[in-house]
Amino acid sequence: MSTFSEETRRRRTFAIISHPDAGKTTLTEQLLLKGGAIQLAGTVKSRKSARYATSDWMEMEKQRGISITSSVMQFKYADKIINLLDTPGHADFSEDTYRTLTAVDSALMVIDVAKGVEDRTRKLMEVCRMRNTPIITFINKLDREGQTPLELFDEIERELNIQCVPMTWPAGMGASAKGVYHIHRKQFLPWARGNADKGSQPAPIDADDDAGLREWLGDDKDTLFEEIEFMREVCPDFDEAAFRRGEQTPVFFGSALRNFGVSECLDYVSDHAPGPIEHQTKDRVVRPEEENFSGFVFKIQANMDPAHRDRIAFLRVCSGTYRKGMKIHHVRQGRDIQIANAMTLMAGDREQVEDAYPGDIIGLYNHGAIQVGDTFTQGEKLKFTGIPHFAPEMFRRVRLKDPLKTKSLHKGVNELCEEGATQVFRPQLSNDIILGAVGVLQFDVVAWRLQQEYGVDCGYESVPVATARWIYCDDAKKLDEFKRRQPENLAEDGSGALTYLAPSMVNLNLTMERWPDIEFLATREH
Ligand code: G4P
């Protein structure tokens with residue numbers, strides 16, 4: 001086997017999806033500790049910039065250098081190279097969060113044992129659904145009282161439309177938690193609370209070691225095995241193919257904070273999560289084992305230090321090998337560029353990349369020429385699909401403080417929009433500029449960058465728009481009629497695409513009913 005295919009097979013590229021406070025940061029930290037990428041608990045947490053309220057933007061910006069380097073965390077685990085992609089949460093939730101999910105091969109869903117499925121998880125799962133991303137589930141905070149496993153499974157299946165198959169099963173919860181039973185290894189993993197910080201736990205006890213199990217569990221042993229028996233009757237058998245199609249999720253129980261049950265979950269990612277998957281382009285499917293290099297840009301992050309205006313384009317390698325100094329072809333611009341200083345983004349620091357393989361993410365320095373969705377190849381004119389814009393969920397009208405700056409404002413808004421920092425809509429019946437975002441901090445970032453980079457001072461006003469849908473219709477006559485009859489809610493987005501700005505969800509639903517031949521799309525390809 002060649003080194004290239006070995007390297008490709010070793011890659012595991014995933015992201016953690018969760019609602020704020022479910023434990024994503026704590027779990028990330030545990031994974032990095034296990035991968036040896038950090039040595040000390042608290043390293044990631046103390047960097048957690050996402051907690052800042054919007055008014056603390058300037059403070060957050062000071063931290064930006066750090067959050068850039070923690071966007072992609074690469075570490076070795078067992079014989080694998082793991083790429084853990086950060087999905088911005090809390091206040092810095094943005095389209096980037098969604099788009100990061102287009103660059104992963106699987107996702108780890110963290111659920112709070114007491115709170116179950118929450119709003120943000122639902123949204124992130126919708127994005128995973130678009131590509132049938134395989135999902136591994138970690139039910140966190142087992143050291144607290146929560147819902148029973150079957151209640152949680154029921155909720156996950158009902159709300160997220162994915163079947164749960166337990167890989168581990170908890171013996172008690174909260175104060176009475178004693179460990180988990182590993183169903184496939186047929187071993188009980190005892191949990192001694194005092195050992196959490198040491199990272200060591202008592203040795204596993206085999207399922208047929210009745211005396212050992214009784215010693216640890218007492219009468220709870222019978223309850224545990226009765227529950228497992230019942231679970232076997234109601235849960236389906238695990239089907240690897242269904243997992244790969246995103247129809248079944250293997251479920252682990254544990255506590256990220258107490259470092260319990262996390263290794264089993266990471267072992268699973270390492271052993272069973274898919275390696276680099278194929279990617280669809282406009283014309284053909286690109287397989288990771290193809291020798292020619294190709295990849296797409298899923299995120300652009302501006303360096304917030306005004307002294308260094310560089311932006312970093314995050315490129316997911318889809319096929320072939322990137323080697324330092326090689327020439328790659330920027331398909332949209334039809335130009336070859338030499339990449340001498342691409343970087344990998346380790347948990348600790350930026351490092352220059354020598355080689356990168358399918359599944360890896362490299363950071364390209366960029367002065368504005370690269371846009372989200374751009375494809376890079378070794379010459380072939382490919383265009384990767386499936387890196388969409390997502391319908392914004394928040395809208396603001398831009399209020400310009402100095403009318404003489406109108407031209408700079410338009411230029412700035414267009415460029416920031418191309419970069420993916422926000423989306424812009426221009427209503428057909430007014431000269432308004434309406435910005436759309438999925439996270440509120442995006443508005444602050446745009447105002448700040450307009451001022452810093454384009455010398456434009458602007459504020460925002462609220463605007464009665466609840467959601468946006470891109471309009472599509474094969475039938476030109478019907479489309480014309482729709483445009484004539486609904487002009488007040490129509491706008492053009494940054495690329496000139498026709499968009500319906502709905503004042504409410506009720507209005508959207510009624511309009512969709514009234515115009516059955518018109519498609520109202522919640523995503524648009526770049
Ligand atoms: P997030 O990134 O998903 O937003 O969650 P984060 O890891 O920051 O965790 C949110 C809160 O939940 C934190 O408490 C964290 O310590 C706690 N937590 C995470 N995992 C567990 C667990 O397994 N058990 C318990 N009991 N708590 C857990 P906090 O008080 O909000 O923050 P901090 O003071 O600990 O930083």
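Is S319 buried or exposed? The views below come from a predicted model, in which local features need pLDDT of at least 70 and side-chain atom pairs count only at pLDDT 80 or more, while totals for chains, interfaces and linings use all residues. Residues are numbered from 1 along each chain as its sequence is written.

View 1. S319 lies in β15, residues 311–319, where strands (E, at least two residues) and helices (H or I, at least four) are DSSP runs numbered from the N terminus. S319 is buried, with 23 other C-beta atoms within 10 Å; a residue counts as buried if 20 or more other C-beta atoms, placed from the backbone, lie within 10 Å of its own, as exposed if 12 or fewer do, and as partly exposed in between. Leaving aside neighbours within four places in sequence, S319 is in contact with V286, R287, P288, E290, N292, F293, S294 and P358, contact meaning that the C-beta atoms, placed from the backbone, lie within 7 Å.

**View 2. The open sheet of seven strands.** The strands follow the order β2-β3-β1-β4-β5-β11-β6 with mixed pairing, two strands being paired if DSSP finds at least two bridges between them. Because β2 (72–77) and β6 (163–166) stand at the edges with a single partner strand each, one side of each is left without a neighbour in the sheet. On average, and with direction ignored, neighbouring strands are turned by 30 degrees against each other. β2 pairs with β3 (residues 80–85) in the antiparallel sense over six bridges, and Y77 stands opposite K80 in β3.

**View 3. Packing of helices α8 and α9.** Helix α8 (residues 210–217) packs against helix α9 (residues 220–234) at an angle of about 110 degrees, with the axes 8 Å apart; axes are lines fitted to C-alpha atoms, for helices over the stretch in contact, and angles run from 0 to 180 degrees between N-to-C directions. This makes α8 roughly perpendicular to α9, the term covering angles of 65 to 115 degrees. L213, R214 and L217 of α8 meet D220, K221 and L224 of α9 in the contact.

**View 4. The shell around the ligand.** The ligand is surrounded by 18 residues, of which K24, T25, T26, S255 and L257 are the closest; a residue belongs to these surroundings if its C-beta atom, placed from the backbone, lies within 6 Å. Helix α2 (residues 24–34) contributes the largest share of the shell, three residues.

Conventions. Angles under 35 degrees count as roughly parallel, over 145 as roughly antiparallel, 65 to 115 as roughly perpendicular and the rest as oblique. Two residues are in contact if their C-beta atoms, placed from the backbone, lie within 7 Å.
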